[in-house]
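Subject: Structure handover

Hello,

Here is the structure I said I would pass on. My notes on it follow below.

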Amino acid sequence: MIKLTLWISLFLSSYAMGDQQAVIQEVKPIIQKFGQSLKAELKGAMIAGGPVKGLAVCNIQAPAIASKASETNWKVARTSLKWRNANNQPDQWEKEQLEMFEMKLKAGTPANNLWAVKETENETRVMKAIMTQDICLACHGKTLSSDVQNKLDALYPVDHATGFSSGDIRGAFSLRKHRF
């Protein structure tokens with residue numbers, strides 16, 4: 001009986017892992033498209049007008065880019081433990097996953113492997129870590145210009161999203177699909 005129970009547990013565990021990998025493969029192109037669109041807009045704005053212009057992209061265009069990415073059956077968003085926009089605060093599950101991502105990264109897990117999947121009867125949720133890149137540091141780094149700091153103070157009076165270094169977890173893409 002114990003062997004049968006163990007076998008069933010192992011089978012269900014491997015089945016769940018397979019399901020999670022299928023979900024990850026389904027959302028990868030959505031995340032890639034969203035990330036590439038956001039990064040392209042951000043780079044263009046920064047070339048045209050520096051980091052202050054880039055802040056406008058994150059403030060105004062990022063929600064529109066997320067909305068466009070959500071035209072699939074997945075709702076696409078971003079969240080972080082150190083959020084800038086109060087609308088991007090993590091819920092409890094997202095917070096737990098972000099904390100787990102931090103622990104896994106410190107333990108040596110490659111950034112590309114920082115994924116979380118949760119499936120319930122009513123929905124599927126997926127998270128993928130977003131790593132801080134050099135381009136992010138002008139607005140999210142440890143040292144900010146006075147122009148950037150002034151613009152941040154105006155746009156985000158309760159900003160928590162500074163003090164990062166390249167290679168830190170900046171936050172995560174968070175996707176949700178409801179089942180009806």
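The side chains of S174 and E94 are joined by a polar contact of 2.5 Å. A polar contact here is a pair of N or O atoms within 3.5 Å; within protein, one must be able to donate a hydrogen and the other to accept it, and residues adjacent in sequence count only if both atoms are side-chain atoms.

This is a predicted model, in which local features need pLDDT of at least 70 and side-chain atom pairs count only at pLDDT 80 or more, while totals for chains, interfaces and linings use all residues. Residues are numbered from 1 along each chain as its sequence is written, and side-chain values use heavy atoms, with hydrogens and water left out.

S174 lies in strand β4; strands are DSSP runs of E with at least two residues, and helices are runs of H or I with at least four, both numbered from the N terminus. Is S174 buried or exposed? S174 is buried, at a relative accessible area of 5%. Buried means under 20% relative accessible area, exposed over 50%, and partly exposed in between (1.4 Å probe, protein chains only). Of the ten residues in β4, eight are buried.

Contact means heavy atoms within 4.5 Å. Leaving aside residues up to four places away in sequence, S174 touches several residues, including K75, E94 and V126.

β4 pairs with other strands, where pairing requires at least two DSSP bridges. Strand β1 (residues 75-79) runs antiparallel to β4, with five bridges; K75 has R176 as its bridge partner in β4. β3 and β4 are also antiparallel, over nine bridges, and A129 is partnered with A172 of β4.

Regards
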